Amino acid sequence: MTRAWAFLLVTAGLAAAAIQLTTIRTDIGDFFFSSGSADPGFLAGQLQSDELARRYLISIAHPGIDSPTAMEFVTALQQALAESNQVRRVWTEPFSQTDILQLLHFYAPHQLHLLSLQPDSEVSRLLGPAGMASQAETIRAALLGPDPSLVKSLLTDDPMLLTLAWFTRAGQAYSRPDADPAHSAFFLETQLAGLDIVAQQDFQQAMAEIFGALNSRYDGRFTLEYTGVPVFAVNIHAQVRRDITRISTLSIGLVILLSWLVFRSFRALLCISIMLFTTACIAALLTQWVYGYLHGLTLALGTTLIGICIDYFIHSMVHAGASTGADRVQAIRRIWPVLLVGGATTLIGYTALSFSGFPGLKQVALFTGSGIVAALLITRYILPELMGLFRIQVQPRINLSWLLAAGAGTRSRYLVIAIITGCLLAGGTRIHWGDDLSGLAPSLQQLADTDRLIRARLSSIEPGRFILVTGESMEAVLQTAENVQRQLSRLQQQGKLDAYYPLFPWVASRQLQARNAQAWNDAMNPAVQERWTKTLTDHGLSAAAFPALTTAPESLLKPEQAMATPVAALLATQLLPDTAGTTAVIWLGKHQPQALLDTLRAIPGARYFSQKDNIRQLSRNYRKKAQTMLVWGILVILALLSVRYRSAVDALRALTPAALSIMLLLGLWGLSGAPMGMLHLIGLLLTAAVCVDYGVFFLENRSGNRVRTFQAITVSAITTAAAFASLGAAEYPALHALAWTVAPGVLAGFLLCPVMLGHTGNGESTFNHIK
Amino acid sequence: MLLQYRMKLASLPLLLAAVAALLPLQATAQDTLGSVLERIRVQEARHFSYRETRYLQLLSAPWQATGDMYTSRQQMVIAQQSPTRVMTVISAGRMLHIDAAQNMHRSLKLEQPFAVPGMEPFMQLLYGTTGHSELEQDYVISFDTAEQRWILQLAPRQYTGQEIIRMQISGATGHGPDRLVLETADGDRTEWQLSLVSQGMAAGRELQQTLDRLPAH
């Protein structure tokens, strides 16, 4: 009894520690992508990019409201939001009026270094008669335009006024879609980390209150919509929380109900619940210790741990049955070897999961694996005394032993094999492997629709498809990016690319700047100055009042100088720090992917990146690994059983229910036409691991009482199937794959035991040679 | 479209528009600055013709332009007719400057309703809801009448470089302004002559016809 009381005390301590120490994270990137390989690593970083993750895209709907009123409202809202100390900045277009003035004056002295990606041809064009005439006409038009004062101030550093046209060209990349008179949209960047769920939730609430207060002054005629990484993060968090609550409640409720139906004993229920709770606490704490956090999906998937671990508790309680004291300990000792084998086969299944490459499943494997070890140890060393403490003497009310007789017989065995093989043959060829991970992502269709609509109002750039440029240094990255841009300009002229966000001319490699300066300086001579003077005069300009043309200054523009200007806001989403150095991103508008792929193939260091294609490829890789792991998992389980039974044939017999169950599932999935993905394979692996337990329990029959053993398996199978089936109630589609694979698979495996493993008499073990 | 460059106080066509909005005012000897400015705010559509002359050191000779200008509660349009056709359209949230001959299409997102940079005080008088007291914080304002004319002069209290150092608006007694002179620190100068063509519904129709001819943007 002392051990039982100590266990209860430890359970209380573990519960307190788990509540205090466990950090739940719900970021989907953590679960799907690891930082091990380049693309997924970048993708994970991209999804969590500090700048992008902090950003909201806000849309105000104002149909039927006149333009000045709408403008007044939106301006007031922007001001009110900008005043919040949680807001870093609010903006509509990349640069404010003040920013533009600052940038014009910043870039004017660097114009000669940033002339063009094709320095020689640009200098020839510019200093030729037509180029000079065009430039003189530009100066005249600007002087006679709305802001001659600005023109005069720029001419000091930029005598040919190259900056204006240069800025116009650079700015064209950021053109917005045609304005929608019924909507106004703008960006907002918070001081808060994008994935700080609680803070972002509070901020969204505060934003809604600010909007509501302002809107009430306008009779509620405006409507607020917003999107962005924090919106998805908060909603996913809420969805995962709902799933955890729903699945936990449902699975625990089902298991309790079933346990009550089977045992009709509240004390047995309490005992099982305590052991399950302790198991879950140990698993959570160990996972927290190893990873530093526990993912919400691990917790959701981990609730299936209940369905697996309860097998050991129930199986042991049924075998301990009405025994007392030392007899109870003896009964559990007797079945301990078979529990160990069962636990080992399940552990092999979960270990195989961790080799699938799917980062989230490594955590699930650790969580569930540690839970299984804890559950086995509790069963062996605590359960007998707990049963004594709670004075539990159970006798299962459910008895399906008639199945033992009904299913036995060689004929029925062959019939079942024939049916299942037929089913596999019919459906196996129709299995459709789906590798679209987006189907597994949280189903937030409404949010996704809103996101698409708001983004369409704010940008012509397509999210999720871009060009990645990598290099050993910033200089190398910029040089490669400039090569890419030369090709993108060509594709644009060919109509194969609508738009892109460039790095040049905001920043340029030293090499390109030097080439521009060299080309300009080589061309500069008194004759050029004379020609320019004449051109100015010919265009009605007073040449004497203009500064003389000079050679390019020696100092080059450094990227860090540009990053100290308002351009930093743009470049922050394009120059991303990377573990290997710097990664540049060139965002793309509508384009022909194949044309880009063909073009970029010839540029080392540049890659076309499609987030969706990449995720699909990633999913395909995970799925192929999962297929391999399924085979390896079963082979290792077979090897383990062969060693234990000292016979491969006996080991195969123990595996038969599991193997037939998997064949049946594969056949039925194929016939259904529904796509199978990586998580279905994982479900099959879990099915195999659990069903092998039943085969082992059934064949070894350590209690020497076949009916009791089958009773124990019956109760275990029903509770396990119920726990997994409860995953089907989740909003998260990924969990459905497991629910509708494992639950029917486990039931099929259980029902196949008496059919395939036969009946050798009530008191016999198939393996009397095993001790 | 991304805006291309900022306009400052020397946004001449806009100043022209602002001044033209004063035209219909019937100033009298009894008018004070406050009462005149109180009636400046745009209440109905108006159509003006104008002549602009720029005296810039960078130009070898003074430059002249003529055209039409429209003001309404929703927008201000300046349609330069000669020497080339250039359109400037200012709405609450945006300013467009279109020079078809130069293939120039510039767009400026305004940070406040009608707040054209450098023009804020004037646009505030035309389109805002407050009086002129804010103007006096940044400008020395003088208002005088002499020889059958009234003269309003604004000079910024602080100079930072190229901006206007003096703006003078004047008109015949009993009439709105018909002349505007702008001077910058380097000695450059621009003059405007204005005359009212129509107002009310007629001006509104003419404004709409002008907007209809605007290139798609």
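Student: At what angle do helix α30 (residues 678–700) and helix α32 (residues 733–757) of chain A pack?
Tutor: This is a predicted model. Two packed helices are described by the angle between their axes and the distance between the axes. For α30(A) and α32(A), the axes lie 8 Å apart. The angle is about 25 degrees.

Student: How are α30(A) and α32(A) oriented to each other?
Tutor: Angles under 35 degrees count as roughly parallel. The angle here is about 25 degrees. So α30(A) and α32(A) are roughly parallel.

Student: How does α8(A) lie relative to α9(A)?
Tutor: Helix α8 (residues 129–143) of chain A packs with helix α9 (residues 148–155) of chain A at about 135 degrees, with axes 8 Å apart. That angle makes α8(A) to α9(A) oblique.

Student: Which residues of α9(A) meet I139(A), A142(A) and L143(A)?
Tutor: Those three belong to α8(A). By class, this contact has six nonpolar residues, no polar ones and one charged. On the α9(A) side are P148(A), V151(A), K152(A) and L155(A).

Student: What percentage of the residues of chain A count as buried?
Tutor: Chain A has 771 residues. Buried means under 20% relative accessible area. The share that counts as buried is 58%.

Technical notes
Residues numbered from 1 in each chain as written. Chains lettered and ligands numbered in written order. Predicted model: local features only at pLDDT ≥ 70, side-chain atom pairs only at ≥ 80, totals over all residues. Heavy atoms only, no water. Axes fitted to C-alpha atoms, helices over the stretch in contact; angles between N-to-C directions. Helix = DSSP H or I, 4+ residues; strand = E, 2+ residues; numbered from the N terminus. Parallel < 35°, antiparallel > 145°, perpendicular 65-115°, else oblique. Buried < 20%, exposed > 50% of the residue type's maximum accessible area, 1.4 Å probe, protein only. Contact = heavy atoms within 4.5 Å. Nonpolar A, V, L, I, M, F, W, Y, C, P; charged D, E, K, R; others polar.
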